Amino acid sequence: MKKLYIVANWKANKTVSEATEWFQKVISYKSQVISSENKEIIVCPPFTLLPLMRDFIKQHGLQIHLGAQDVSPFGTGAYTGEVAAEQLKDLAHYVIIGHSERRKNFHDDDEVIAKKVAMTNEAGLTPLLCVQGKETPVPQGVQIVAYEPVFAIGTGNPDTPENADTVAKEIKENHNVESVLYGGSVTAENVAGFTHQEHIDGVLVGGASLDTSEFINIVQNA
Ligand code: PGA
């Protein structure tokens, strides 16, 4: 059975109390989460929630890993408003880099993205690089890529599993990466269509990950 990554990208959503509620519901589903042996569940909350969630996961022995949604291209020091990879080390295992929302709204270009990948690797964290198509550059040091076509993000209009599989295959061939995930309007209903494809190794889920039972159903159906 291949290893699947099921990644929740909460974006700029959830307060402390909303995140606590999400986790309390997860605990009632604990056995299902834990029985998903070939599935690596990764939740990427906003920075503000990482310490709370790390403690929650530890306390309840949940089989969930944490990821950040971004990282500074710089190290620690005089960079007001930034969070350096070094600061994430004891809070997360993964870092999403190059999401199309960052490229569009915050002008993250390929050069900045390559720096973020380098800082992430240097800190011993694993980058999850988002690409918008097979032409998007993949910097050195990336082993997990998420193919996320912009038309599919938050629209309820996912790519077809067959096309996503073709893109995943090409990304693997061209960039020698280990795993390619699909992201864009993934739901509990359509997830299996993607994860059952030969070259797709998981999904990156935005909107549908905010609701606990929908997310658990995604994990189970994947
Ligand atoms: P969506 O977002 O699942 O809400 O389409 C996916 C993403 O942006 O990572």
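1. Helix α1 passes helix α3 in a right-handed crossing. This is read from a predicted model. α1 covers residues 16-28 and α3 covers residues 50-60; their axes come within 11 Å and cross at roughly 20°. Angles under 35 degrees count as roughly parallel, and α1 and α3 are therefore roughly parallel to each other.

2. The contact between these two helices is made by Val16, Ala19, Thr20, Phe23, Gln24 and Ile27 on the α1 side, and by Leu52, Met53, Phe56, Ile57 and His60 on the α3 side. By residue class, the contact of α1 with α3 holds 8 nonpolar and 3 polar residues, with no charged ones.

3. α1 also packs against helix α9, residues 212-221, with the axes 9 Å apart and an angle of about 45°. The two helices, α1 and α9, are therefore oblique to each other. The crossing of α1 past α9 is right-handed.

4. Which residues carry the contact of α1 with α9? From α1 they are Trp22, Lys25 and Val26, and from α9 they are Thr212, Phe215 and Ile216. The residues of this contact divide into 4 nonpolar, 1 polar and 1 charged.

5. There are 13 residues around the ligand, and among these Lys11, His99, Glu148, Gly154 and Ser185 come nearest. For Glu148, a polar side-chain atom lies 2.8 Å from an oxygen atom of the ligand.

6. A polar backbone atom of Gly154 is 2.7 Å from an oxygen atom of the ligand. At Gly206, a backbone N or O atom lies 2.8 Å from a ligand oxygen atom.

7. Most residues other than glycine have a negative phi. Lys14, which is not a glycine, has a positive phi of about 85°. Lys14 sits in the loop between β1 (4-9) and α1.

8. The other entry is His107, where phi is near 60°, a positive value in a residue other than glycine. His107 is placed in the loop between α5 (100-105) and α6 (110-122).

9. To recap the helix packing: α1 is roughly parallel to α3 but oblique to α9. The α1 residues that meet α3 include Phe23 and Ile27, whereas those that meet α9 include Trp22 and Val26. The contact of α1 with α3 has no charged residues, while the contact of α1 with α9 has 1 charged residue.

Technical notes:
Residues are numbered from 1 along each chain as its sequence is written. This is a predicted model: local features need pLDDT of at least 70, side-chain atom pairs count only at pLDDT 80 or more; totals for chains, interfaces and linings use all residues. Side-chain values use heavy atoms; hydrogens and water are left out. Axes are lines fitted to C-alpha atoms, for helices over the stretch in contact, and angles run from 0 to 180 degrees between N-to-C directions. Helices (H or I, at least four residues) and strands (E, at least two) are DSSP runs, numbered from the N terminus. Angles under 35 degrees count as roughly parallel, over 145 as roughly antiparallel, 65 to 115 as roughly perpendicular and the rest as oblique. A crossing is left-handed if the near helix is turned anticlockwise from the far one by less than a right angle, and right-handed if clockwise. Contact means heavy atoms within 4.5 Å. Ala, Val, Leu, Ile, Met, Phe, Trp, Tyr, Cys and Pro count as nonpolar, Asp, Glu, Lys and Arg as charged, and the others, Gly among them, as polar. A residue is near a molecule or strand if one of its heavy atoms lies within 4 Å of it. A polar contact is a pair of N or O atoms within 3.5 Å; within protein, one must be able to donate a hydrogen and the other to accept it, and residues adjacent in sequence count only if both atoms are side-chain atoms.
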